[in-house]
Amino acid sequence: MATVDLPSPRTRPAAPEEALARDLTARVDGEIRFDAGSRAAYAVDASNYRQVPIGVVVPRTIDAGVEALAVCREHDVPVLSRGGGTSLAGQCCNVAVVIDWSKYCTRLVSVDPDARTCVVEPGIKLDDLNAALPGRLIYGPKPATHVSCTLGGMIGNNSCGSTAQVFGKVADNVRRLEVLTYDGLRMWVGPTSEEEYAAIQAEGGRRAEIYRGLRAIASDHAALVAERFPDIPRRVSGYNLDDLVPGSAFDLARALVGSESTLVTVLHAELDLVTEAAETALVVLGFDDVVAAARCVPAILPHAPHFLESIDRVIVEFERAKGVHQRAMGALPEGHSWLMVQIRDDDADRVAERARALADELAGLEPAPRVLTVTDPAEQAELFGIRESALAVSARDPRTGQDNYEGWEDAALPTDRLADYLADWTALVEEYGFTQGTAIYGHFGHGCIHTRIPFDLNTPAGIAEYRSFMERSADLCVAYGGSLSGEHGDGQSRGELLERMYGPELVRAFESVKALFDPRNRMNPGKVVHPYRLDENLQVGADYAPEQPATAFTYPSDDGRFTRAAERCIGVGRCRRTDGDVMCPSYRVTGEEHHSTRGRARLLWEMLRGHADSPIRDGWRSTEVRDALDLCLACKGCLSDCPVNVDMATYKAEFLHHHYARRPWRRPRSHLSMGWLPALARFAAPVAPLVNRVTSSRLSGLLKRAGGIDPRRAIPTFATPRFSHWYRARGPQGSGERGEVLLWPDTFTEFLHPRAGADAVRVLEAAGFTVRLPGDVAQRSSTGGGRRELCCGLTWVTTGQLDVAARVLGRTLDALAPAVADGMPIVGLEPSCTAVFTDDAPNLLPGPRTDAVAAATTTLGRLLAERAPDWTPPDLTGREVIVQQHCHQHATGGYGAEAGLLQRAGAQVEVLDSGCCGLAGNFGFEQGHYEVSVACGEHVLLPRVRAASPDTAVVADGFSCRTQIDQLTPRRGDHLASLLAEGLPPEPLPWPM
Ligand code: SF4
Ligand code: SF4
């Protein structure tokens, strides 16, 4: 075999980037992004590494992607094909032109249900594919990132997931691939019979050359492949030469799976499909330690588990410290390490019988594990949630704040040697002093162990220790007959270590394969073969010294540092899901990386890095960061839905605060008109009819332009009288037997929709409470005070006017103190304002005064559930109700109490899984946001409201949600209080329904 001499991967492209960008723009049907913001957003994946790309191409069609590669070839620049960008070994960042297939090339091209196959484009997400497949057909391998990982990326990585236990890896579930080489050869590949091989050779040319070369390499190394390729189900490291050796099917599709964009670009894939049995049981086994758990695995495998997963003590401690999955963790059998075994079958009795047989057999082991068998699907999902959260929860130790890293991430061992390996490896972990924070979990049924380790990647000594640990772990893994990677590929984390696993000759063979496909080393260079060192291009590294700017928020969960907050994102891409929960509405409608939570977090992080190589160097003044944050709806979806609780609404407010500091004239006009809404409303209220006439007259266009409001939006009308004036004139009524509550008169209830406030008063009084307003309580208290205008400061928070917000909020906290001191609960009707008290205030103005207000603040539903559980709500028997849950409520406690209240009233409630309504306070009113705002609403909410029968009540507690419904459907949304009040004795109110 001739030795291979490849150009160094560090060679920078010769072509000037401007010319490259110009040619791509001229010839490629797609988005060509060479701007600083895009390059920053694509500089990292979910690994330890960071490399700023040359530029990004988002092709609109497969052919456009082919053309993009042709242009890159002409300019002799490296390329990297990318899907969801969730790779954990560094294979999805590079100094290359990144071709992002995930936005447009997402088609399910065809399905053949009889043959159980389909053809897809590379950018389709796994969950989207499975949702689009007919009947019960699914694609078998299911990585934990299934909501966002793309089929192209899965093929690049040879992905697996828990279901690989029965369905195998991606390589086992691919029939054919259409691929493109760097030099432009486009071909379908798959198993190759002798006749096909002969025909290809007869045709000659580049294809024949590749096939011939591969056959020669594989034949020359067949003996070594037999000797050095571990015979285990999760051998993911290296190129799949075993699919090319004599005696194999000479299957190029299988061979190219897992090549991590270093050999070819995948244009289409023909996939095998499977069905899953419907009935399941989960058997959870508790052990004293991880070694005991691993030792039990061979006894479980004959029971044909659908998956066999593991979690250890550290994962449970982390989740406990974070307060997640508490109920499920209470149900775990006693132990310090657990296995979760899913039994699946089409018959429920058979499932139960198989689960029982497994438990009986394990009871005879010495020592026997503690066993819990669960058949209820919801309980199974809750328990398995502990395992599913493992990657995200293990990224940072919630007890110490120490970061945990990938690196030694996914070794795979023969299952019968797993326990002995783990005994030695955990001793190694202890020797290096990593035991305290190291999390161990994984797919033990396949011998695959995931770990996150508290490496110190910030100092030269720590980085040297990281290298040493990686090398010794690799040697140990190889000694036990394992694979360095059993799931996430080699990339940069393990590329350098391949020689330890395969020996120099096989690694030279891999290099020969690379040279056959990509002789100029332009496909994702420096990954898998001719690799970068595992300790270079680190995201952090010894010279990592990010800025630590003074901030308005105090970031109590991030050591008081904004930079720590911006470092939270671990890149696993749940914010790129297209359905379910709230996060991230702007990504859902734009499909843009930099309009996802992850993209924004990365731009902020690049802004704070302060390195000379960072694409963003102008700090808080950065227009790239401002533009990426512009379409953030501040919905707080990420606060609850992101596994590491990235709180982009807060970061956006912080950024805007600094971005416009000392130059308020640069602020969008909407920051004045809507940011100062509470103040404007006070002036407008006394002359509300006149103001309403003007804002709905021909002058409205002018007013909207002046206020930065989109011309298609109607300006909400001011009500007469305002809520508190009505209430003070009316006075409290009812028995008041349950005591006093303080009703928070938020700006929207007070000035725009007082009917919701009045209905809440009536409901609270019917339930036995006496309603007080803040000024009244302050007035009667010894601290004095009075009927000052109060506001939580929400609109100043969302527009990043944080000095004003802090002043306004501080005044309000003072005014609420007497009521809180009296033990009065504070009932919020508007979820955004309630969330200011419970979530924003402790971050902006921490202290006992704030904590007391936050603890006292509740919602109408929660108050009634907790303080009036025996109250019989008005009868809504049989009434169908659909609910738009406000996204701030979703993020800060959920709608459970409210839904429960409606159910107690007899209503048939459906809380829509509709995400953010799209209006989101000022967002949907602002110029430039209308299309995104409407598209968010049209995702689920608005079509569901339009389709609802006229008798179905539409409940939306947020003023924004009601406005979006009012303005874009023929229906009206009501506050929960108004629906309940319908069943109370009528009371004449001064406002129309
Ligand atoms: S923002 Fe959260 S959900 Fe999105 S990639 Fe980062 S960690 Fe994952
Ligand atoms: S606050 Fe909402 S829109 Fe903004 S990043 Fe988070 S989920 Fe996305």
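Strands β13 (residues 307-312) and β14 pair in the antiparallel sense over 6 bridges. Two strands count as paired if DSSP finds at least two bridges between them. Strands are DSSP runs of E, at least two residues long, and helices are runs of H or I of at least four, both numbered from the N terminus. The model is predicted, so local features need pLDDT of at least 70 and side-chain atom pairs count only at pLDDT 80 or more, while totals for chains, interfaces and linings use all residues. Residues are numbered from 1 along each chain as its sequence is written, and side-chain values use heavy atoms, with hydrogens and water left out.

Leu308 stands opposite Val341 in β14. Strand β12 (residues 279-287) also pairs with β14, in the antiparallel sense, over 9 bridges. Here Gly286 faces Trp338 of β14. Strands of a sheet pair through backbone hydrogen bonds, either parallel or antiparallel. Strand β14 (residues 337-345) is mostly covered, with 9 of its 9 residues buried. Buried means under 20% relative accessible area, exposed over 50%, and partly exposed in between (1.4 Å probe, protein chains only). Ser337, Leu339, Val341, Ile343 and Asp345 point one way from β14, and Trp338, Met340, Gln342 and Arg344 point the other way.

A parallel sheet was found as well. Its 3 strands form an open sheet in the order β24-β23-β25. The edge strands, β24 (908-911) and β25 (953-956), each pair on one side only. The twist averages 25° from one strand to the next. Angles run from 0 to 180 degrees between N-to-C directions, and axes are lines fitted to C-alpha atoms, for helices over the stretch in contact. Strand β23 (residues 880-884) joins β24 over 4 parallel bridges. Val883 has Val911 of β24 as its bridge partner. Helix α40 (residues 896-904) lies across β23 and β24 and runs at about 160° to β24.

The largest nonpolar core holds 116 residues. Such a core is a set of buried Ala, Val, Leu, Ile, Met, Phe, Trp, Tyr and Cys residues joined through side-chain atoms within 4.5 Å. Leu177, Trp408, Tyr421 and Trp425 touch the most other members. Helix α19 (residues 498-517) gives the largest share of this core, 10 residues. Another core, of 105 residues, lies apart from it and includes Leu383, Tyr555, Cys642 and Ala688. Beyond its neighbours within four places in sequence, Tyr421 is in contact (heavy atoms within 4.5 Å) with Trp408, Ala411, Leu413, Ile449, Leu476, Cys477 and Tyr480.

In helix α37 (residues 848-856), the buried residues are Thr850, Val853, Ala854 and Ala856. Seen down the axis of α37, they fall within an arc of 170°, so they line one face of the helix. The arc is that of the directions from the helix axis to the C-beta atoms. Exposed Pro848 and Ala855 sit on the face of α37 turned away from its buried side.

Several loop residues complete the picture. Arg522 lies between α19 and α20 (562-566) and is buried, at 4% relative accessible area. Its side chain makes a polar contact with the side chain of Asp76 (3.0 Å). A polar contact is a pair of N or O atoms within 3.5 Å; within protein, one must be able to donate a hydrogen and the other to accept it, and residues adjacent in sequence count only if both atoms are side-chain atoms. The peptide bond from Glu366 to Pro367 is cis, with omega near 0°.

How values were computed
Chains are lettered from A and ligands numbered from 1 in the order in which they are written.
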